[in-house]
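Please look over the chain shown below before reading the briefing. The notes that follow are grouped by topic.

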Amino acid sequence: MKADKYRIDGTKKCHLEELPTDSSRDGVTKAEILEKFEKNLAEMSELQNRFYACKKEGVILVLQALDAAGKDSLIRHAVSGMNPQGVRVTCFKRPSEEELAHDYLWRVNKALPARGEIAVFNRSYYEDVITAKVLHLKDTYQMSERILSQSEEDFIDRRIRQVRNYEQYLYENSYRVVKVFLHVSKDEQRERFLERIDREDKNWKFESGDLDTREKFDEYMKTFDEVISKTASKEAPWYAIPADDKWYTRYLLTEILLNVMRETKPSYPEMPAQEKEKLMQCKTTLLSEKGISPDLVEKEEATKISGTGKPDPAKYIDLNKNGRNDYTEDGCPKTPAKTAKQKKKDKKHRKDKKDRKGKDAAGGYEKIADID
């Protein structure tokens with residue numbers, strides 16, 4: 001998996017300045033990646049069906065990035081092949097007054113998925129660590145003196161510890177947390193900002209305050225380095241993937257999602273024997289609508305429906321016909337065989353028809369319309 005080279009799991013520190021922001025280092029072509037991307041979407045769809053039916057684990061995908069890194073379009077494309085019933089996307093914007101009146105994980109807990117579901121966090125509780133540090137927000141919180149009296153460094157370190165413990169808690173309660181940082185270059189961010197200004201359909205995405213954040217680009221990157229290094233673990237790894245080439249970013253994210261879903265080893269639940277008996281009864285009722293005898297179904301002991309949704313003809317053997325298969329692929333009785341007399345008559349008709357055509361070609365008589 002090409003995304004493995006961007007994985008940070010606590011065994012090494014994160015150094016974003018050493019990681020690429022585009023696809024050039026990986027020696028790939030866009031056509032090749034787009035083809036693999038489509039295959040990944042198909043596999044993700046099949047895996048998600050089993051994951052949703054299994055309901056033993058939940059997946060939480062955390063997306064973090066600076067502005068204009070492409071989080072929204074990434075979510076739209078990378079989960080396009082999944083059943084929306086099993087995917088929940090939550091965008092964590094600037095906290096409301098109600099949210100600020102609670103602990104910073106309060107709004108996150110409300111967005112946790114049920115087991116069998118996949119939650120995508122567009123930004124997350126990491127904003128309360130990263131942004132709180134870069135913008136020095138500690139003293140703006142309504143908290144007691146025993147909390148605010150500590151140094152800013154201690155305040156952030158405690159939050160980092162809390163985040164690590166929270167993710168470990170989730171893992172120990174059958175959730176998989178995977179965190180992705182979209183690594184966009186400063187030059188590419190500038191071009192995307194310009195595009196948002198130039199295109200009317202993208203004006204709404206740009207805010208003048210985005211430039212204030214851009215001025216602190218290097219400080220944000222340094223803080224991400226520190227926080228990623230301190231919160232990466234085997235159970236909740238980070239991936240710092242290149243984000244300048246959106247087509248490559250989308251492919252890498254599907255690789256990451258496929259990997260985490262495969263690790264859960266999802267399978268369709270085994271039905272109890274009593275429920276299987278009810279299924280057989282329902283099946284007999286439905287097959288009887290196709291003209292299949294309930295007695296035949298019972299004798300064949302659970303004739304099986306094939307992958308095409310049609311009954312398997314090999315299972316429909318009329319036991320009163322000496323084992324001969326007298327049923328079509330749809331499980332319906334075949335048309336009775338023709339008698340020897342009828343076969344002889346048909347053969348004579350075909351010969352006469354052939355003779356007429358031969359004489360017509362030789363000019364023996366005028367061509368007449370064939371009547372079958």
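How many helices and strands does the secondary structure of the chain come to? The secondary structure comprises 14 helices and 6 strands, where helices (H or I, at least four residues) and strands (E, at least two) are DSSP runs numbered from the N terminus. This is a predicted model, in which local features need pLDDT of at least 70 and side-chain atom pairs count only at pLDDT 80 or more, while totals for chains, interfaces and linings use all residues. Residues are numbered from 1 along each chain as its sequence is written, and side-chain values use heavy atoms, with hydrogens and water left out.

**Chain overview**

- Of the 372 residues in the chain, 41% are buried, a term that stands for under 20% relative accessible area, with exposed meaning over 50% and partly exposed in between (1.4 Å probe, protein chains only).
- Among contacts (heavy atoms within 4.5 Å) between residues at least 6 apart in sequence, 71% join residues at least 24 apart.

**Sheet**

- The 6 strands form an open sheet of mixed pairing in the order β1-β6-β5-β2-β4-β3, where two strands pair if DSSP finds at least two bridges between them.
- The edge strands, β1 (7-8) and β3 (87-91), each pair on one side only.
- Strand β2 (residues 58-65) runs parallel to β4 and is joined to β4 by 5 bridges; leucine 63 stands opposite asparagine 122 in β4.
- Helix α7 lies across β2 and β5 (175-183), running at about 135° to β5; axes are lines fitted to C-alpha atoms, for helices over the stretch in contact, and angles run from 0 to 180 degrees between N-to-C directions.

**Nonpolar cores**

- The largest nonpolar core has 41 residues, and those with the most contacts inside it are Ile60, Phe121, Tyr125 and Phe181; such a core is a set of buried Ala, Val, Leu, Ile, Met, Phe, Trp, Tyr and Cys residues joined through side-chain atoms within 4.5 Å.
- At least two residues of this core are supplied by each of β2, β4, α5, α7, β5, α10 (217-231) and β6.
- Apart from this core lies another, of 39 residues, among them Met44, Val79, Met82 and Tyr239.

**Aromatic pairs and cluster**

- There are 10 aromatic pairs, counted where rings of Phe, Tyr and Trp (its six-membered ring) have centres within 6.5 Å, with planes under 30 degrees apart counting as stacked, over 60 as edge-to-face and the rest as tilted.
- The ring centres of tyrosine 125 and tyrosine 166 are 5.8 Å apart and the planes stand at 85°, so this pair is edge-to-face.
- Because tyrosine 125 lies in the loop between β4 (118-122) and α5 (127-134) and tyrosine 166 in helix α7 (residues 152-171), the pair ties together parts that are 41 residues apart in sequence.
- Tyrosine 125 is buried at a relative accessible area of 1%, and tyrosine 166 is buried at 9%.
- Tyrosine 126 and tryptophan 238 form an edge-to-face pair, 5.0 Å centre to centre with 70° between the planes.
- Tyrosine 126 lies in the loop between β4 and α5 and tryptophan 238 in strand β6 (residues 238-242), so parts 112 residues apart in sequence are tied together by this pair.
- One aromatic cluster is formed by Tyr125, Tyr126, Tyr166, Tyr169 and Trp238.

**Serine 185**

- Serine 185 is placed in the loop between β5 and α8 (186-198) and counts as buried at 17% relative accessibility.
- Not counting residues up to four places away in sequence, serine 185 touches Thr21, Phe217 and Asp244.
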